[in-house]
Amino acid sequence: MNVESLMSNCLKQRFTDRSTESFVRAFVVNRNSKQQAFLPSNQGKWEWDQFDQSHDNLLNDLLNDPKEVIERFFHFIERYNDLIFNAIWEKAHIADILKHEVDRQSKILKTLGFSEVIHELDNDKIFWNGKKVMIYQPFAKEHYISSQDVIHFVPSYFIWPHLSIQNIHNGIVITYDLSKRTIQQTNNIEMEKILKAVGDGTRIQILNFLKQMENTTQGMAQLLSLSESTVSRDLNILKSAGLVSSRRVNKYVLYHVTTTITDLIPSFFDNLPNEYSN
């Protein structure tokens, strides 16, 4: 089962498990929040004043025929996924970008701490004041969590209005916009080393080979018709730049590609042949 089908099934299950009364209650509560709890800022007002709250068509439909409303909703989701979402997901290499962001923030949390995670979000709607996480949203609302609760940070390429917060049973989820962030912020020395490492046809050939299968120095030399000394030298350059890594299996050392090059250039392997695949 692919990711889209899994997500669709999970969403359908959640809708199926909820009663009509819960849908109506959620709709009314959210509508009242939008009408009554604006932050006193032009930016907050701008994000919501385009929504017309004067009609209750959706509420009436939910009361009269909730099954039809849910079926129409899923039809829209499926059409949107087929016509728009899939194309954007592939073209923008969103899976690679999201993976890199999760890895990056995990490293920051381990090495620099929670406050730096907030700072590195680079979002002017959230900051840490030493005691509280301050989040600016169109609605004024406080979320209380205990020392046993958790905060989940979820990067998203499709979120509006650019940052949201939601309560869960053991804490909160903060979803933030990633679409305007750079894929990686590498210092000049590291960038120069990486670009020099991939600025050679033989090393590109080695990377493309290792992207498709792990192998040893001797194995690559034989399959690529190169000398072992050439492969060994180029592997050292690639490894120094963080583009390949190795692991030992018994008496053999197997090399494989890291995510460094695709974190920087998501489409790097797109135009290279898959000639080494089994």
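Buried, in these notes, means under 20% relative accessible area, exposed means over 50%, and partly exposed is what lies in between (1.4 Å probe, protein chains only).

I'm working on a predicted model, where local features need pLDDT of at least 70 and side-chain atom pairs count only at pLDDT 80 or more, while totals for chains, interfaces and linings use all residues. I number residues from 1 along each chain as its sequence is written, and side-chain values use heavy atoms, with hydrogens and water left out.

**Entry: aromatic pairs**

I searched the whole structure and got 5 aromatic pairs. For these, rings of Phe, Tyr and Trp (its six-membered ring) pair if their centres lie within 6.5 Å; planes under 30 degrees apart are stacked, over 60 edge-to-face, the rest tilted. Phe 73 and Phe 74 make an edge-to-face pair, 5.4 Å centre to centre with 75° between the planes. Phe 73 is partly exposed at 31% relative accessibility, whereas Phe 74 is buried at 8%. Phe 268 and Phe 269 have ring centres 4.9 Å apart and planes at 85°, so I log that pair as edge-to-face too. Phe 268 is buried, at 16% relative accessible area, and Phe 269 is buried at 10%. I also noted Phe 114, Trp 128 and Phe 153, which ring pairs link into a cluster.

**Entry: cores**

I then looked up the nonpolar cores, meaning sets of buried Ala, Val, Leu, Ile, Met, Phe, Trp, Tyr and Cys residues joined through side-chain atoms within 4.5 Å. The largest has 22 residues, and Leu 207, Leu 210, Met 220, Leu 235 and Leu 243 touch the most other members. Elements supplying at least two residues each include helix H8 (188-197), helix H11 (228-240) and strand E7 (252-257); helices here are DSSP runs (H or I) of at least four residues and strands (E) of at least two, numbered from the N terminus. H9 gives the most, with 4 residues.

Which residues does Leu 207 touch, not counting those up to four places away in sequence? With contact as heavy atoms within 4.5 Å, I find Val 198, Leu 238, Leu 243, Val 244, Val 257, Phe 268 and Phe 269.

**Entry: positive phi**

I checked Ser 225 in the loop between H10 and H11: phi is near 60°, positive in a residue other than glycine. Ser 225 is exposed, at 67% relative accessible area. Asn 250 sits in the loop between strand E6 (244-249) and E7, with phi also near 60°. Asn 250 is exposed at 70%.
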